[in-house]
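Reader: Hey, can you walk me through this model? I'd like to start with pockets, then go wherever it leads.

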Amino acid sequence: MARDSELVQLLPGILALIVFSGCSGGKVNAKVEGASNREKAVTVTAFPVESKQVRRTVEAVGSLFAYDEVVVSSEVDGRAEQVVVDVGDYVTKGQTLVEVLPTEFKLAAEQQEAVVEQAKAKLGLIGDDIQLKDPAQTAAVRKAAADLGNAEQKYKRSRSLDQQGIVARQTFEEDELAYKAAQAAYDLALQDVRNLQAALQQESAMRDLANKKLRDTRIIAPFSGYIKERDVTIGQYLKVQTPVMAIVNADPVRVRLKVPEKMAAWVVVGQSVTVSVEAFPERDFIGKIWRINPSVDPQTRTFDAEALMENHQGLLKPGFFVKASIPSRKVDSVLLIPQRALNYAYGIYKVYLLMDTNKLKEREVRVGDRIGEDVEVISGLKEGDRIGLPTEGQELAMRDGASVRLAGKGAKEKEGAPGEESEPRPSGSGR
């Protein structure tokens, strides 16, 4: 009984403690719920989607090629007596690269020169003239002509006397035969002269060939450029067509670019090209389109466009990988949004629309060219839509259905804000 009375006395205190605890717990839950609601509000900047005029620009990649490149070979057989240049040396057109031992070729040229002089002497020619103007003026033909004239006179006289019956028939016949023999001797003398003239021309051609081989003992540069490869050493025996040097002319340099087929109408001969290379990232190089391949590669669906670029300082080297920008005359009206407004996952681009209910709504979009810090939207948005751009530190809080709080009333980012440009903006077509 005593224990029961003690419990009855303690009961009001216990009840009061439970009621107090319940009230305190309710206030704590209310505070937690309020804090949670405040965490759901994302601070964003509103960006209105507007149309802008954009000048299309073709973005392409490719490689540099030498304007001219050739492998110089030996044109005669012989031992390399001297190698004048080496890799990296600059040579001019006609400069000697390698000298082949010329002794045998010099003797052959002198021998052939003597043969030509001998043939000229038979024809009575002097100096450098090897063409006989009148074969009848040679000594052999003149002698044959004189013999023919003498025989002709005797024949005519004998024929006249024979007709008068004064001379014996045998004498007339002998004079007639002598006249015919003199005619044949004259014709033979002319033929011999013509044969000698033809032989002289043949020997002259062989002399020129011997002199050419003598000149070919000096292997020369066909154009100005730099030595790319050296494949010969002093004392090496060279056969005809043995490679000795490779020369490249890289001023100007060729820029060969791969352009997507859909941009075929955007690229024409004469357009300027801006090129960048990894070796000089802070510098741009300017050139012009000068050739366009008429066919498209069916495997890559691209065609080659080739530009020429000055390279007086030799900074650009054949084989460099290049990125090129080709401004076109095509101007389109496009929707642009800042690139940082895009969310990319699993091959899909999404943005967050600002709804009238101050909520974010996730929207899938298709994008096109990147233009500076902006990107073209092909589908998924329309002019007049507003998208939310997260402020610093709020990127991870962006989600579908999240409540938003604007960073400023009617605020929009200064960068990329529409309506700031009067000229069409250049676009890049890297895709």
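Predicted model: local features only at pLDDT ≥ 70, side-chain atom pairs only at ≥ 80, totals over all residues.

Reader: Good. How many helices and strands are there in the protein?

Author: The protein has four helices and 20 strands.

Reader: And what volume does the largest pocket have?

Author: About 350 Å³. On a 1 Å grid over the protein atoms alone, a pocket is an open set of points where a 1.4 Å probe fits, with protein on both sides within 12 Å along at least five of seven lines; a set the probe cannot get out of is a cavity instead, and lining residues have an atom within 4 Å of a point. Grid points are joined across faces, edges and corners, and the volume is the space filled by probe spheres set on the points.

Reader: Which residues are the closest to its centre?

Author: Y226, V248, A250, L316 and P318, out of 19 residues that line the largest pocket.

Reader: Which element gives the most to that lining?

Author: β9, with four residues. The elements that each supply at least two lining residues are β2 (51–73), β7 (225–230) and β9 (243–260).

Reader: What's the lining like by class?

Author: Eight nonpolar, seven polar and four charged residues. Here Ala, Val, Leu, Ile, Met, Phe, Trp, Tyr, Cys and Pro count as nonpolar, Asp, Glu, Lys and Arg as charged, and the others, Gly among them, as polar.

Reader: How much space lies in the second largest pocket?

Author: About 180 Å³. Its lining residues include V70, V72, R215, D216 and P222, and β2 and β6 (218–220) each supply at least two of the lining residues. By class, this second lining has six nonpolar, one polar and four charged residues.

Reader: Switching topic: what about packing? Which residues touch the most other members of the largest nonpolar core?

Author: V255, L257, V259, V273 and V275, in a core of 23 residues. β2, β9, β10 (272–277), β11, β12 and β13 (321–338) give two or more residues to this core. A second, separate core has 19 residues, including L97, V98, I219 and A221. A nonpolar core is a set of buried Ala, Val, Leu, Ile, Met, Phe, Trp, Tyr and Cys residues joined through side-chain atoms within 4.5 Å. Buried means under 20% relative accessible area, exposed over 50%, and partly exposed in between (1.4 Å probe, protein chains only).

Reader: Zoom in on V275, what does it touch?

Author: Not counting residues up to four places away in sequence, V275 touches V255, R283, D284, F285, M309, V322, K323 and A324. Contact means heavy atoms within 4.5 Å.

Reader: OK, helices now. What should helix α3 span?

Author: At 1.5 Å times one less than its number of residues, the 26 residues of α3 (139–164) should span 38 Å, and the end C-alpha atoms are 38 Å apart, which agrees. Just after α3, G165 takes a positive phi of about 75 degrees.

Reader: Which residues of α3 are buried?

Author: V141, A144, L148, A151, Y155, S158 and D162. What covers them includes α4 (169–215).

Reader: Is Y346 buried or exposed?

Author: Exposed, with a relative accessible area of 83% for Y346, whereas R301 is partly exposed at 39%.

Terms used
Residues numbered from 1 in each chain as written. Heavy atoms only, no water.
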